[in-house]
Amino acid sequence: MDFHLTPEEEAFRAEVRAFLDANLPPGTNTASFGFLSEWNRKLREKRWIGFSWPKEVGGGGGSLMQQVILKEEMAKRKAPPLGTCFMGLAWVGPAIVQYGTDEQKRRFIPDILDGRVQWCTGYSEPGAGSDLAALQCRGVRDGSHYVVNGQKIWTSIAMWSQWMILLVRTDPNAKVKHDGITCLLVEMSTPGITVRPLKNMSGGTMFSEVFFDDVRVPVENRLGVEGDGWRVTISALANERSGIAEVEGLRRNLDALRDLARRTERRGRKALEDPTIRRRIVRAEARIEAMRLNGMRFLTRQLRGEPLGSETSINKLHRATLEVDLGELAIELQGSAGLVTGRDAADGGRWQRFALNWPEVVIGGGTPNIQKNIIAERILGLPHD
Ligand SMILES: Cc1cc2nc3c(=O)[nH]c(=O)nc-3n(C[C@H](O)[C@H](O)[C@H](O)COP(=O)(O)OP(=O)(O)OC[C@H]3O[C@@H](n4cnc5c(N)ncnc54)[C@H](O)[C@@H]3O)c2cc1C
């Protein structure tokens, strides 16, 4: 692992900082529509959205290391995201770039880069979450279409997405259940699709159940070869688990929590002076640093051209447990005031929302138990669970 940057990489960091100085001065209202559309236009002009994607498809052709620098600098300044099509940029686009036909690249990539569409992810089903390969939603070939019947669940942002990346079972007789799964790109306005919102425990309706009733999907919307859907989608999950982009966000949360502990009285003194609280904060700090170093280790591997493997589960596990611990600590140190929600609560209820939203980072993308199984079996070589 080499922590030093080349002169070109240092120059790129300076360029990003100069861009942020010019376009994100302190006090900018980053939530305003006017700011966001200008921000995205400027990022597109720089080709910093889809920065590591090939130039031929409209990406920036940037190196992996430059991408890390870009994300780091943006996170340090709390800049709005690099693009508005979150899932499109995180895994749908990369999967299309890798497995899509030229026609699919022309059709889908520009809209993802320009944020003109939202994509959702139709993987989980009522009987297939951790064991995703058990999925039953059927896709049956009928001439130039696949006819889809079945159900997906926990589909984030399905209600306001125009497209879905969908996994269906095309061969129910495949000897290995991972085979016989196919990946389809499905327009959400296709007849036969019903989206039913689900309310989560913090009152939000971010995810939905999605039902498919004789939904006809053109064969040209298949991503990759029939029966190869598992391979098409699995590398995306590894990216989701690498965790390198999350370290700055976790650091910011810990800084805010330290600040809360400084302002909160507990047993007649500032909570930050309580040795138990101090120990928990320091432990969180050490774990965030471990996450950063693990991220660097994965990055080194990628720079050497080695694929991201099961090791990315380590950071996914770190992040999940850290988020729960930080949420619990924030509520606990407020004492009975920690039970108050809404605007009257400390920091406008930010910590209560944070503590209630843990499933988003803990369960989404694979639960801690599943990450532990992966680490035990594939990294430590322990027997199968
Ligand atoms: C906020 C949020 C957003 C989501 N967004 C999406 C989305 O956009 N698209 C999508 O497809 N899915 C999405 N999901 C679903 C998510 O991927 C699944 O919830 C997750 O994979 C777990 O599956 P499950 O809910 O069926 O739980 P289960 O798999 O039933 O697990 C239940 C419990 O059993 C444990 N368990 C299961 N198997 C094992 C095992 N072999 N060994 C040890 N323990 C085990 C689990 O750790 C867990 O504690 C989202 C989930 C959340 C919470």
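Q: Which residues is serine 161 in contact with, leaving aside its neighbours within four places in sequence?
A: Gln118, Trp119, Cys120 and Met188. Keep in mind that this is a predicted model.

Q: Where does serine 161 lie?
A: In the loop between strand E3, residues 145–156, and strand E4, residues 163–169.

Q: Buried or exposed?
A: Serine 161 is buried, because its relative accessible area is 7%, under the 20% cut-off.

Q: What does the side chain of serine 161 reach?
A: The backbone oxygen of isoleucine 157, at 2.6 Å.

Q: Switching to the ligand. How many residues surround it, and which are the closest?
A: There are 20 residues around the ligand, and the closest are Ser124, Ser130, Trp154, Ser156 and Thr367.

Q: What does serine 124 do there, in terms of distance to an oxygen atom of the ligand?
A: A backbone N or O atom of serine 124 is 2.7 Å from a ligand oxygen atom.

Q: And which side chains have an N or O atom by the ligand?
A: Asparagine 369 is one of them: an N or O atom in its side chain lies 3.0 Å from an oxygen atom of the ligand. Asparagine 373 is another, with a side-chain N or O atom 2.9 Å from a nitrogen atom of the ligand.

Q: How much of the ligand does the protein bury?
A: The protein buries 66% of the 970 Å² that the ligand exposes when taken alone.

Q: Which elements give two or more residues to the shell?
A: Strand E3, helix H11 (358–362) and helix H12 (368–379).

Q: Now domains. What does the assignment give?
A: Domain 1 covers 7–83, domain 2 covers 119–228 and domain 3 covers 241–379. The C-alpha centres of domain 1 and domain 2 are 33 Å apart.

Q: Which residues touch the most other members in the largest nonpolar core?
A: Trp39, Trp48, Met74, Trp119, Val148, Phe212 and Leu223, out of 64 residues in that core. Helix H4, residues 86–99, supplies the largest share, eight residues.

Q: Why does this core lie between domain 1 and domain 2?
A: Because both domains give residues to it.

Q: What is tryptophan 39 in contact with, sequence neighbours within four places aside?
A: Phe19, Leu20, Asn23, Leu24, Met74, Ala79, Pro80 and Pro81. Of these contacts, Met74 is also listed among the core residues that touch the most other members.

Q: Which residues are in the other core?
A: That core lies apart and has 22 residues, among them Ala256, Ala261, Ala271 and Ala284.

Methods
Residues are numbered from 1 along each chain as its sequence is written. This is a predicted model: local features need pLDDT of at least 70, side-chain atom pairs count only at pLDDT 80 or more; totals for chains, interfaces and linings use all residues. Side-chain values use heavy atoms; hydrogens and water are left out. Helices (H or I, at least four residues) and strands (E, at least two) are DSSP runs, numbered from the N terminus. Buried means under 20% relative accessible area, exposed over 50%, partly exposed in between (1.4 Å probe, protein chains only). A polar contact is a pair of N or O atoms within 3.5 Å; within protein, one must be able to donate a hydrogen and the other to accept it, and residues adjacent in sequence count only if both atoms are side-chain atoms. Contact means heavy atoms within 4.5 Å. A nonpolar core is a set of buried Ala, Val, Leu, Ile, Met, Phe, Trp, Tyr and Cys residues joined through side-chain atoms within 4.5 Å. Domain bounds come from an automatic or database domain assignment. A residue is near a molecule or strand if one of its heavy atoms lies within 4 Å of it. Accessible areas come from the Shrake-Rupley method with a 1.4 Å probe; for residues, only the protein chains shown count as cover.
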